[in-house]
Amino acid sequence: GVFTLTLKDTTPGHEWTFSYSKKAKPNRSSAEWVVEAPWSGGVLPLANFGTASFTNASATINGVTGPINTTGWLYDRIDMVSGTTTKATTSALSRGGTGFSVTCNHN
């Protein structure tokens, strides 16, 4: 199958869209939205990114598209922790199950 990733920044004055398609034969068992520290031979310092918000997030599997909290799908909220310091916190899912945010706590 062909998989397409589309990202949009809808911040007024900073709007952009990025889309990438790739032909692949993955096992189609998960979809992930990730905010993480950069890596280059080791974890690099985390920039103070404020809050990154994800809205209208959905995934399609076997022709069915739905929000992150679609019945039957498992979803996990994961915070970014280094040692005993929580560097970024992930919110709960929005009421409709299609959005969440990640907030930087520590540089």
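The model is predicted.

**Exercise 1.** State where N56 lies and whether N56 is buried or exposed.

*Solution.* N56 is found in the loop between β3 and β4 (58–61). Its relative accessibility is 67%, and exposed means over 50%, so N56 counts as exposed. As for the backbone, most residues other than glycine have a negative phi. The phi of N56, however, is near 55°, a positive value in a residue other than glycine.

**Exercise 2.** Determine how many aromatic pairs there are and describe the arrangement of the rings.

*Solution.* The count comes to 1 aromatic pair. The ring centres of F54 and F100 are 4.7 Å apart and the planes stand at 10°; planes under 30 degrees apart count as stacked, so this pair is stacked. F54 belongs to strand β3 (residues 51–54) and F100 to strand β8 (residues 100–104), so the pair ties together parts that are 46 residues apart in sequence. Buried means under 20% relative accessible area. With a relative accessible area of 18%, F54 is therefore buried. F100, at 12% relative accessibility, likewise counts as buried.

**Exercise 3.** Describe the second largest pocket by its volume, its lining and the classes of its lining residues.

*Solution.* The volume of the second largest pocket is about 160 Å³. Its lining includes W39, L44, M80 and K87. Strand β6 (residues 80–82) gives the most to this lining, with 3 residues. Sorted by class, the lining has 9 nonpolar, 1 polar and 2 charged residues.

Conventions:
Residues are numbered from 1 along each chain as its sequence is written. This is a predicted model: local features need pLDDT of at least 70, side-chain atom pairs count only at pLDDT 80 or more; totals for chains, interfaces and linings use all residues. Side-chain values use heavy atoms; hydrogens and water are left out. On a 1 Å grid over the protein atoms alone, a cavity is a set of points where a 1.4 Å probe fits but cannot get out, and a pocket is an open set with protein on both sides within 12 Å along at least five of seven lines; lining residues have an atom within 4 Å of a point. Grid points are joined across faces, edges and corners, and a volume is the space filled by probe spheres set on the points. Helices (H or I, at least four residues) and strands (E, at least two) are DSSP runs, numbered from the N terminus. Ala, Val, Leu, Ile, Met, Phe, Trp, Tyr, Cys and Pro count as nonpolar, Asp, Glu, Lys and Arg as charged, and the others, Gly among them, as polar. Rings of Phe, Tyr and Trp (its six-membered ring) pair if their centres lie within 6.5 Å; planes under 30 degrees apart count as stacked, over 60 as edge-to-face and the rest as tilted. Buried means under 20% relative accessible area, exposed over 50%, partly exposed in between (1.4 Å probe, protein chains only).
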